[in-house]
Amino acid sequence: MPSMLERPVFHYGIPLVNAVIVAVIGFTVFSGVARLFAFALAGVEVVVVPQILKRAA
């Protein structure tokens, strides 16, 4: 049975769920620059974290 880190759904699914949570919180709670920072953080999560998880596998 393959490890969870070897599954592509794990590489992209977990960061996507986290990014959606950060974006929703950023949209509902923050305003101005803080909201933009939350959206940037969500974008970085979608782009960078799958690369890190691929290396971990």
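This is a predicted model: local features need pLDDT of at least 70, side-chain atom pairs count only at pLDDT 80 or more; totals for chains, interfaces and linings use all residues.
Which side chain of opposite charge is nearest to Glu45, and how many Å away is it?

1. **Fold content.** The chain has two helices. It has zero strands. Helix H1 covers residues 8-29. Helix H2 covers residues 33-56.

2. **Overall form.** The radius of gyration is 13 Å. The globule rule gives 10 Å for 57 residues, and the chain's value is well over that, so the chain is more spread out than a compact globule. The box filled by the C-alpha atoms tells the reader about proportions: it is roughly 45 × 15 × 10 Å, taken along the principal axes.

3. **Burial and surface.** Of the 57 residues in the chain, 16% are buried. The chain exposes about 4,200 Å². Carbon and sulfur atoms supply 76% of that area.

4. **Contacts along the sequence.** Take the contacts between residues at least 6 apart in sequence. Of these, 59% join residues at least 24 apart.

5. **Glu45, the opening question.** Glu45 sits in helix H2. Glu45 is buried, yet it has no salt bridge. The nearest side chain of opposite charge belongs to Lys54, and it is 15 Å away. A salt bridge would need a side-chain nitrogen of Lys or Arg within 4 Å of a carboxyl oxygen.

6. **Neighbours of Glu45.** What does Glu45 touch, once residues up to four places away in sequence are not counted? The list is Pro15, Asn18, Ala19 and Pro50. Pro15, Asn18 and Ala19 fall within the range of helix H1, residues 8-29. Pro50 falls within the range of helix H2, residues 33-56.

7. **A nonpolar patch.** A nonpolar surface patch covers about 670 Å². It is made by Leu16, Val20, Val24, Val44, Val46, Val47, Val48 and Ile52. Helices H1 and H2 are the elements that give two or more residues to this patch. H2 gives the most, with five residues.

8. Is Val47 buried or exposed? Its relative accessibility is 55%, so Val47 counts as exposed; the cut-off for exposed is over 50%. Val47 lies in helix H2 and is one of the patch residues.

9. **Val47 and Leu16.** Leu16 is also among the patch residues. Val47 and Leu16 are 31 residues apart along the chain. Their C-alpha atoms are separated by 9.4 Å.

Technical notes:
Residues are numbered from 1 along each chain as its sequence is written. Side-chain values use heavy atoms; hydrogens and water are left out. Helices (H or I, at least four residues) and strands (E, at least two) are DSSP runs, numbered from the N terminus. The radius of gyration is taken over C-alpha atoms; the globule rule is 2.2 Å times the number of residues to the power 0.38. Buried means under 20% relative accessible area, exposed over 50%, partly exposed in between (1.4 Å probe, protein chains only). Contact means heavy atoms within 4.5 Å. Accessible areas come from the Shrake-Rupley method with a 1.4 Å probe; for residues, only the protein chains shown count as cover. Lys and Arg count as positive and Asp and Glu as negative; His and the chain ends are not counted. Patches are made of residues with over 30% relative accessible area and no salt bridge: like charges are joined within 9 Å, nonpolar side chains (Val, Leu, Ile, Met, Phe, Trp, Tyr) within 5 Å.
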